[in-house]
Amino acid sequence: MDTRRPPSNASKSFPRKNYFKKDGDRNQHLRNERFQDRDNRFQKGDGKFHGGRDRYQSNRRFQSKNRNSKPWERTNQPRIISEMQITDGKHRGKYLQNTLSPKVQLTSRRIREIMFKIMFRRVRAGRFLDLCAGSGMVGIEAISRGALLGTFVERSAKMCSFIRKNLTSCGIKDGHGEIIEMEAEPFLKKMSHRRRFWDVIFFDPPYNSNYDEAIKYFSRGAGIKPKGVLVIEHHSDMFFPEHIGVMKRWRVIIQGESAISFYERK
């Protein structure tokens, strides 16, 4: 190693930086020696520096204890394993009651997840109408995801009792959920006279029922505010026109034997 030092009475014409250019950068040379000395003291295999403070340990101490678990399994959110569970929101994972009658068809969990993923911004802080509500699953999903008001319209007194129980079990107060026992068509006629509107309407009658009467009211904008959305669940073999009066279709999702058509009021 070059141990020469510039003379103390060196002229200004010989600055320090030029003096060391003969043999290279002295500081870099010292740095290389220091790293070489550290490498000599490092023992491969146990991850430690011998002869000094044990600052560099194996990466095992920094790894997660449950390395094989998936990120969504390490959260505290309840798992969704049943069709009768709310899929997301503040009531996620809660089980709802429903009748065992085969005549009542429940909207599948996959259809609900797809629909609310598309409609999240419209549902949040909006008014949601669950028409032909059944057990109220879809409307309660909307409230769980941030809807200010959920209106449940169902013609069966027995199913209205299930909706009431489900609202109570979720702790939803009367100001956030209202139940109306009535047929869909008379309800739409009544609301068109009262000029009451919702941001989102979900219409899910039995697949073998006649949609035409309700579609006539929707074509006039009954119950749907301007720029509001109508979502119709139907069998995948059914077809609805692109334009229904003041409504225009903008999307169709097919999932197995079920499908949902999205319409927006002009």
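Reader: Which residue in β7 is the bridge partner of V200?
Author: This is a predicted model, in which local features need pLDDT of at least 70, side-chain atom pairs count only at pLDDT 80 or more, and totals for chains, interfaces and linings use all residues. Residues are numbered from 1 along each chain as its sequence is written, and side-chain values use heavy atoms, with hydrogens and water left out. Strands β6 (residues 198-203) and β7 (residues 224-235) run parallel and are joined by 5 bridges. For V200, the bridge partner in β7 is V229.

Reader: How many helices and strands are there in the chain?
Author: Both kinds of element are DSSP runs numbered from the N terminus: helices are H or I over at least four residues, and strands are E over at least two. On that basis the chain has 7 helices and 10 strands.

Reader: Which are the edge strands of the open sheet of 8 strands?
Author: Two strands pair if DSSP finds at least two bridges between them. The open sheet has mixed pairing and the order β5-β4-β3-β6-β7-β10-β9-β8. Pairing on one side only marks the edge strands, β5 (177-181) and β8 (243-244).

Reader: What angle does the direction of helix α5 make with that of β5?
Author: Helix α5 (residues 157-169) packs on the sheet, touching β4 (149-154) and β5. Contact means heavy atoms within 4.5 Å. Axes are lines fitted to C-alpha atoms, for helices over the stretch in contact, and angles run from 0 to 180 degrees between N-to-C directions. Between α5 and β5 the angle is about 170°.

Reader: Which residue in β6 is the bridge partner of L129?
Author: Strand β3 also runs parallel to β6, and 4 bridges join them. The partner of L129 in β6 is I201.

Reader: Why is helix α4 described as largely enclosed, and what covers its buried residues?
Author: Helix α4 (residues 137-144) is largely enclosed by the rest of the structure because 8 of its 8 residues are buried. Those residues are M137, V138, G139, I140, E141, A142, I143 and S144. Just after α4, G146 takes a positive phi of about 115°. The cover of the buried residues includes α3 (109-123), β3 (127-131), β4, α5, β5 and β6.

Reader: Are α6 and α7 roughly parallel or roughly antiparallel to each other?
Author: Helix α6 (residues 184-194) and helix α7 (residues 212-219) pass in a left-handed crossing. E185, L188 and K189 of α6 and E213, A214, Y217 and F218 of α7 make the contact, which by class has 4 nonpolar, no polar and 3 charged residues. The packing angle is about 15°, with the axes 9 Å apart. The two helices are therefore roughly parallel.

Reader: What separates the C-alpha atoms of L188 and Y217?
Author: L188 lies in α6 and counts as buried because its relative accessibility is 0%. Not counting residues up to four places away in sequence, L188 touches L131, A214, Y217, F218 and A222. L188 and Y217 are 29 residues apart along the chain, and their C-alpha atoms are separated by 6.6 Å.

Reader: Is K190 buried or partly exposed?
Author: K190 is found in α6, and its C-alpha atom is separated by 9.1 Å from that of A222, 32 residues apart along the chain. At 35% relative accessibility, K190 counts as partly exposed.

Note on methods. Buried means under 20% relative accessible area, exposed over 50%, partly exposed in between (1.4 Å probe, protein chains only). Angles under 35 degrees count as roughly parallel, over 145 as roughly antiparallel, 65 to 115 as roughly perpendicular and the rest as oblique. A crossing is left-handed if the near helix is turned anticlockwise from the far one by less than a right angle, and right-handed if clockwise. Ala, Val, Leu, Ile, Met, Phe, Trp, Tyr, Cys and Pro count as nonpolar, Asp, Glu, Lys and Arg as charged, and the others, Gly among them, as polar.
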